[in-house]
Amino acid sequence: MKTSNYLLATVRQVPADVEIVSHRLMLRAGMIRQLASGIYNWLPTGLRVLNKVENIVREEMNRSGAQEVLMPSVQPAEIWRESGRWDFFGPELLRFKDRHDRDFCLGPTHEEVITTLINNEVHSYRQIPANFYQMQWKFRDEVRPRFGVMRCREFLMKDAYSFDVDRMGMEKSYHVMYDAYRRIFDRLGLDYVAVEADSGAIGGSVSHEFHVLADSGEDGIGVNSNAGFASNIELVQLPRSSAQRNPPSQPIRTVDTPNVRTIEQLCDSLDVAADITLKTLLVQGEKQPVAMVVRGDHELNLLKVEKIQGVAVPIQFLSPQEVAAEVDAEVGSIGPVNLTSSSDGSEIRIVADYSTEPMSDFVCGANTSEKHYVGVNWERDLGNVEFADLRKAVDGDPCPGTPEENLTVKRGIEVGHVFQLGTKYSEAFGATCIDTDGKNAIMWMGCYGIGVSRIVAAAIEQNHDAAGIIWPDSIAPFSVCVVPINYHQSDTVAKLSDQIHDRLITAGLEVLLDDRDDRAGVKFKDMDLLGIPHRLVVSDRTAANGEIEYKHRIDEQAIYLPIESLEAEMLTRVQSG
């Protein structure tokens, strides 16, 4: 491919509101262009990468024995109502009506569709185990699309669904897919980790997430390689603290804290550390609000809160207006001392995180706007308090199962998720088959997703430098770029560049020849921006010596290769990655 015949849409400037590296570089490299919020066109360079990711995923899915299908992206409301998710899925489900006033949605996932399909097609244990997958564009109406294709509304996903006659079969299919996912991410050349995870809106019991490790990742991953442990920090179970609580050393007193709404502002106002403060959050309970209390430097874990008896699920925080009506104070001034309902004077139930139990002489809201208490102590100043595991894990927390080891929290970008669904959907749709005893048996299902388009962005987040993208060879848009110097001024350079381009393509390599009438520096910058792994520079000087200048994208120094054996040399370098 020559740039004269290729839409090389590189740019130097991008919108100021671009927040992360992958979004900026995908725009600068001419990979994507936004059509609407969270909806993107994929230009030739971006599509080449996307197709390579898709091909690797497809090859490994086929290798695992899965069968490819294609299901509609438009789905009727009836099947979502049958599964109970029409209302449960929430506003991310884009609903609309057709001309006959019938309800439909744009599919964010396909559990309902595949279960309906297989229920009509599979009738005997002889037809399963079976796994069906598709590559399909999904749509989720994100409340705040951001980060380019990392968190967009329309995205390309591989989703697969296994069907078995019993739990043991489902678990076997699950492990087959788990192994296939490891092969996929190995081939993609990504640094990743598989972690225990929550099943969320999809449902099921056992699930694992696959995360590409990157500083910009939205998810926290608790790992300890010595203990062989990796988990989403929201699922890390933390023990009750064994630390002894110091006796009170100061009296409780009230201080003015004008314009203080956050822990950071509180620490600045009183010149205290966050780990001696408490933050109190009110959530809806089954009968009345419940106060959740965590240390100021910790984050409340909603998955753990859901497990607290008496808390309404899904979790709903009281709005600022509801908080003011309930306790007659603003949100930033709420605390556990004398926390009562202003409507009837009853005590509000307090559940505090284990890490707060050893605290003494701490700071918390005084339940009066712009006032806080200092010198607070549990037994002296508070009434009934329950302690539970409420927070997300942080660096240095004990590793579950190996408490003598500590966790390290890394950032991850979720690119894959596998679930043991069990019979949630097959029971909802009556999906049965005749088992070996001749009886009707509910089929056991697994669900397996990979964010194909998200992988493109995740790879960039993990592989880039100041000059641009550094693609793993397996998904680079081109393997080799040929950069002529004075292509339009030197017949020798033009002829040799064309010959090298043709010879390498014949050898089976993907080549981009930059035949633009631009300065060499401009071409070098664009090729580095695109992240093409292998660069060949053609000039009159090197041609006279029978050589070509070669440089890998991550090398500092160039070397010189003989022209006559260039195909073999480049095949070796590309294949070795």
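Analyst: Two strands pair if DSSP finds at least two bridges between them, and a strand is a DSSP run of E with at least two residues, numbered from the N terminus. This is a predicted model, where local features need pLDDT of at least 70, side-chain atom pairs count only at pLDDT 80 or more, and totals for chains, interfaces and linings use all residues. Residues are numbered from 1 along each chain as its sequence is written, and side-chain values use heavy atoms, with hydrogens and water left out.

User: Okay, so what makes β5 and β6 a pair?

Analyst: They share three bridges, in the antiparallel sense, and the rule asks for at least two, so they pair. One spot to look at is Phe 96, whose bridge partner in β6 is Phe 104.

User: And why are β4 and β5 called edge strands?

Analyst: The open sheet runs in the order β4-β6-β5, with antiparallel pairing. Both β4 (74-76) and β5 (95-97) pair on one side only.

User: How do you know how many disulfides there are?

Analyst: A disulfide is a pair of cysteine sulfur atoms within 2.5 Å, and by that rule the count is zero. Take Cys 105: its closest cysteine sulfur is in Cys 447, 15 Å away, so that's too far for a bond. Cys 433 also has Cys 447 as its closest, but at 19 Å, which is too far as well.

User: What makes Cys 433 buried or exposed?

Analyst: Buried means under 20% relative accessible area, exposed over 50%, and partly exposed in between (1.4 Å probe, protein chains only). Cys 433 comes in at 1%, so it counts as buried. Cys 105 has 0%, so it's buried too.

Methods:
Helices (H or I, at least four residues) and strands (E, at least two) are DSSP runs, numbered from the N terminus.
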